[in-house]
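Colleague: I am new to this structure. Please take me through one part of it, a sheet, strand by strand.

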Amino acid sequence: MADSKKMVEQITSMEVDFAKWYTDVVLKAELVDYSSVKGCMIIRPYGYAIWELIQKQMDDMFKALGHENVYMPLFIPESLLQKEKDHVEGFAPEVAWVTHGGSEPLPERLCVRPTSETLFCEHYANTVHSYRDLPKLYNQWCSVVRWEKTTRPFLRTREFLWQEGHTVHATAEEAIEETERMLNVYADFCKNVLNMPVVKGRKTESDKFAGAVATYAIEALMHDGKALQAGTSHYFGDGFARAFDMTFTDKDNKLQYMHQTSWGTTTRLIGAIIMSHGDNNGLVLPPKVAPIQVAVIPIASHKPGVTEKAAEITERLQKRFRVKCDLSDNSAGWKFAEYEMKGVPLRLEIGPKDIENNQCVLVRRDNREKVFASLDNLEEDVEALLETVGLALYSKAARNMEEKTYRCTTMEEIKSVLADKGDGFVEAMWCGEESCEDEVKAQTGVGSRCIPFVQEHLSDVCVCCGKPAKHMVMWGNAY
RNA sequence: CGGGGUGUGGCACAGUUUGGUAGUGCGCUUGGUUCGGGACCAAGAGGCCAUGGGUUCGAAUCCCGUCACUCCGACCA
């Protein structure tokens, strides 16, 4: 009797249509709303609260490593953007331009920053003069604009929020170390805060950032088997330094070029959370970034004492957790569904029978498991359960990644495993030639995601040309 | 950028083929009964039918343009 009335309210099943499921979740969990400018989304309070929690915890990690926050301008003069050849070629197609101030045409048009390398370069060139000024470890939280053709909330929007770290160092070694350190920060953050496993690796030459010597990335695997780049860290060598004349005097009174890095993560992480933990009841949030960690639902709240008890418990728990008590007169069942849609990790039910027994019911979002908890040491139980939910999310996502990682030694094997099992991470050997990279993509549909740091020797030869293999590459379809 | 689909109260849709001045369900407001998995009854409020132009006595409906959303591909965080 799947009452048609109620079905209408439900979200599309993720097995039926994953893309539609994603859009449904994003809208129904009230994370975003569309605006009237294509590809620009309104991040609603619940969605923004997730970003603030990400921001806060990541920012603490940056600062613990000595980074300082700055703010650079929104606009970049065209001439500045053009100083580094590869960089401008990479970004030019998706840059938005400001051509007028009021009704007056500008003498030089201004680019709305798609990324701020050039601004940092100019600033470092102006302010760093001596080896004593180095390193400079700057980061900024801001939004950037890239005029994308196709857009999806969080995954690809024309304006998006991010952080971009930009550092300069006296030596290449130090800069390389920083590049790797920050990639590890991202990976640890994904694991410990977002409960999301990632693969760390290096991008191939064709896939690296415009202007970089080397690009490192963390790749996560979504429920549907598609890869999502969750963070990048670049080593620039002294390429930008030469283009922007970023020099300093070293200990031996010699003029040297600075060595540089940049690294970034974006609101796309929210998309990653949705697609790696979500289910057919909606969002499933990692406890550490859940704006509401515990939803308190009074049962039979008209009965004497229930509302008061719910409010009392809420006030108690709020000292240690993010708690919301829902005293609205929606039915209990409605509230259950509502907070499940919003991905709240724990639900606390308190009704007349519980009050009699000095207990409440705690229900996990991830598996709906119910436990009775004494009100005496509730804080400890909640804390332990939140921890448990986080670990369970991680192991479930890790299992998904393991199950969808396929090791292949021939092109035919890649094709058949993809046809058979659908999207996932394909690991296969590669000779290092771009032509083979393209050929694999053309024949199998999967592109190179990265060259994982953790290498396995699957065979001696390139899966494409049969010549000696240099690396194991992880291939996949990506968002 | 190529191919499909959509745009009608806050939401989901019907009405468009065959032009005649807008309807259903949910939600919202008020009152009452309910309350351990999306409750029910009653009475209300709310829409120049995405937008600009055209055809017509008359357009949600027909024609042309624009914008946005969405899905599938190619490219990108």
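Modeller: Three strands make an open sheet, in the order 4-6-5, with antiparallel pairing. Strands here are DSSP runs of E with at least two residues, and helices are runs of H or I with at least four residues, numbered from the N terminus. Two strands pair if DSSP finds at least two bridges between them. Strand 4 (75-77) and strand 5 (96-101) are the edges; each has a single partner strand, so one side of each has no neighbour in the sheet. Neighbouring strands of this sheet are turned by 45° against each other on average, direction ignored; the axes are lines fitted to C-alpha atoms, and angles run from 0 to 180 degrees between N-to-C directions.

Now the pairing of strand 4. Strand 4 and strand 6 (residues 104-112) run antiparallel and are joined by 3 bridges. I76 has its bridge partner in strand 6, namely C111. Strands of a sheet pair through backbone hydrogen bonds, either parallel or antiparallel.

A word on the source. This is a predicted model: local features need pLDDT of at least 70, side-chain atom pairs count only at pLDDT 80 or more, and totals for chains, interfaces and linings use all residues. Residues are numbered from 1 along each chain as its sequence is written, while chains are lettered from A and ligands numbered from 1 in the order in which they are written.

Last, the setting. Chain A has 15 helices and 23 strands. The C-alpha trace of chain A spans about 80 × 55 × 50 Å along its principal axes.
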